Amino acid sequence: MRRARTTIAVTVAATALSLLGAGAASAGTGPVPAPRASAPADTAGTEAGNPLSAAAVTAGVCSDAAQIGTTSYIYRGTETIASVKQFYSASCDENYGYVWVWKSFLDQNLTFDLTVGVWSFDRDSLVGQRVVFDTHDQEFWGNAADTSDECTSGEGTVTIPGDPQPYTARSSKRC
């Protein structure tokens, strides 16, 4: 009787190991998963503005930031080169400027300087200003601006070396 139990136990163990081994071998024979084409949606930058994007997190944007006012556009002649927005975080009580550079402009492989922030009409100055030189990036967030009790707009400026002037836009005024 004891020998029968041992034989059954060994048979069960061998079968289990055999199945595990076969499962591992067959799993390796399938197609290799394709690499991710882009970052997960919660960390990807978007034209609409994503306060959870890598660029937003680097700039210290509060996660509940949402657009206020209307979008404005930066033009180079008749070409639209970027969108400009203003965001507000209720939990942090701060405003942020936001610029999204359009792909059609980036496809020209031009290096540019970019300034983004919140224009304070009360102070007549750019608050939360962030300047990036010699870039070819697409998404830009300004630093936090303690301007929630002021009249403000998001402001963005693109400066292209060799062009006679910078290109600037402000989103709608919010008070």
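Colleague: In which strand does Asp113 lie?
Modeller: This is a predicted model with residues numbered from 1 along each chain as its sequence is written, in which local features need pLDDT of at least 70, side-chain atom pairs count only at pLDDT 80 or more, and totals for chains, interfaces and linings use all residues. Side-chain values use heavy atoms, with hydrogens and water left out. Helices (H or I, at least four residues) and strands (E, at least two) are DSSP runs numbered from the N terminus. With residues 112-120 making up the strand, Asp113 lies in E4.

Colleague: How far away from Asp113 is the nearest side chain of opposite charge?
Modeller: Lys and Arg count as positive and Asp and Glu as negative, while His and the chain ends are not counted. A salt bridge requires a side-chain nitrogen of Lys or Arg within 4 Å of a carboxyl oxygen of Asp or Glu, and buried means under 20% relative accessible area, exposed over 50%, and partly exposed in between, with a 1.4 Å probe and protein chains only. Asp113 is buried yet has no salt bridge, and the nearest side chain of opposite charge, that of Arg76, is at a distance of 13 Å.

Colleague: Which residue has its backbone nitrogen 2.9 Å from a polar atom of the side chain of Asp113?
Modeller: Leaving aside neighbours within four places in sequence, the residues in contact with Asp113 include Val132, Phe133 and Thr157, where contact means heavy atoms within 4.5 Å. The backbone nitrogen that lies 2.9 Å from a polar atom of the Asp113 side chain belongs to Asp134.

Colleague: With which residue does Arg76 form a salt bridge?
Modeller: The structure holds five salt bridges, and in the one formed by Arg76 and Asp163 the closest N and O atoms are 2.9 Å apart. Arg76 lies in strand E1 (residues 66-76) and its partner in the loop between strand E7 (152-159) and strand E8 (167-170), so the pair ties together parts that are 87 residues apart in sequence. Arg76 is partly exposed, with a relative accessible area of 23%, and its salt-bridge partner is Asp163.

Colleague: What is the relative accessible area of Glu155?
Modeller: Arg170 and Glu155 form a salt bridge whose closest N and O atoms are 2.6 Å apart, and the pair links strand E8 with strand E7, 15 residues apart. Arg170 is partly exposed, with a relative accessible area of 35%, whereas Glu155 is buried, with a value of 10%.

Colleague: Over the face of which residue does Arg170 lie?
Modeller: A charge sits over a ring if NZ of Lys or CZ of Arg is within 6 Å of the ring centre and within 35 degrees of the ring normal. Arg170 is 4.0 Å from the ring centre of the residue in question, which is Trp119.

Key:
A polar contact is a pair of N or O atoms within 3.5 Å; within protein, one must be able to donate a hydrogen and the other to accept it, and residues adjacent in sequence count only if both atoms are side-chain atoms.
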